Amino acid sequence: MTRKPLSSAAAALIAGVILLSGCSAGSKSESSGTAAETTTTAAETTAEPLQRRIREYDPEKPVIALTFDDGPNLVTTPQVLDVLEKYDAAGSFFLIGSNISDETGEVVKRAYSMGCDIENHSLTHANFTTMTVGDFTAEVEETDRKIEDLTGEVPKFFRAPYLAANTDMFENIDKCFISGFGCNDWDDSVSVEQRIDGVLSQAADGAVILLHDAQGNQKTVEALDTIIPELQKQGYQLVTISQLFEAKGRDPMEEIYKYRQISSVIV
Ligand SMILES: [Zn+2]
């Protein structure tokens, strides 16, 4: 049973109060919660499991997953997290493994603790279609390891650098490939307004939105401050990529999602 109806005031209250005491960057969640229903610790292999907020949503209502590529970093990733926090929204971060350091790792922990998903976007952001199977699987595995070291969870989703994918990749990377509806927000000449319009015009139930929290991408941070409340006003719940599938009762490893890059859970 994966449905999680937001049916009671109690559930809403729980969702509202289980923010961790140590959810800011730089802190560790040493004060483990005593109320079992308020936290989830997915870690099985790390010595220091992170606490994580449980995010409730109503599977009967429309859902969208905001996703962010090319982090983590110490400027733009925290700004994106601040905006998500401001509107009580979730996001999913597809990390470049080589960007993960001791310092940026704390930002990743903050995102995870907020209830955001942490996923895999390669180690070096190379074009995998020009690489050997051995080389690109090594990139995926190293990034998985770095993320698991931080969160205790191995990413289930992968976004190919440049969205460049081929059969070798589909057959050798055992993850659900995600693309998404974007607005070319990696291009600095795309204005804040164009980013807002680009996202809002593609909003739909079950959709993945593709954005970037790359260092210095200030226009996307600004755009989010309009995009998020507008989507919420339209009735969308901003959930993680995992929840997007869960909400529709779908398993991302289903055959129907294989050999393609997914922009919407509804295919
Ligand atoms: Zn990228």
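**Stop one: a pair of helices**

Select residues 76-86, which form helix H2, and residues 218-233, which form helix H7: the two pack at an angle of about 15 degrees, with their axes 10 Å apart. Before going on, note that this is a predicted model, where local features need pLDDT of at least 70, side-chain atom pairs count only at pLDDT 80 or more, and totals for chains, interfaces and linings use all residues. Residues are numbered from 1 along each chain as its sequence is written.

Helices and strands here are DSSP runs numbered from the N terminus (helices are H or I with at least four residues, strands E with at least two). Axes are lines fitted to C-alpha atoms, for helices over the stretch in contact, and angles run from 0 to 180 degrees between N-to-C directions. So how do H2 and H7 lie relative to each other? They are roughly parallel (angles under 35 degrees count as that).

Now show the side chains where they touch. From H2, pick Thr-76, Gln-79, Val-80 and Val-83; they meet Val-221, Leu-224, Asp-225 and Ile-228 of H7 (in contact means C-beta atoms, placed from the backbone, within 7 Å).

**Stop two: strand S1**

Next, select residues 63-69, strand S1. Is this strand mostly covered or uncovered? Mostly covered: seven of its seven residues are buried (20 or more other C-beta atoms within 10 Å of a residue's own, with C-beta atoms placed from the backbone). In a regular strand, side chains alternate between the two faces of the sheet.

- S7, residues 207-212, runs parallel to S1 and is joined to it by six bridges. Look for Leu-66, whose bridge partner in S7 is Ile-209.
- S8, residues 237-239, is also parallel to S1, with three bridges between them. Here Ile-64 has Leu-238 as its bridge partner.
- S2, residues 92-95, runs parallel to S1 too, and three bridges join them. Find Thr-67, which stands opposite Ser-92 in S2.

**Last stop: zoom out**

Show the whole protein: how many helices and strands does it have? Eight helices and eight strands. Of its 267 residues, 42% are buried.

Methods. Angles under 35 degrees count as roughly parallel, over 145 as roughly antiparallel, 65 to 115 as roughly perpendicular and the rest as oblique. Two residues are in contact if their C-beta atoms, placed from the backbone, lie within 7 Å. A residue is buried if 20 or more other C-beta atoms lie within 10 Å of its own, exposed if 12 or fewer, and partly exposed in between; C-beta atoms are placed from the backbone. Two strands pair if DSSP finds at least two bridges between them.
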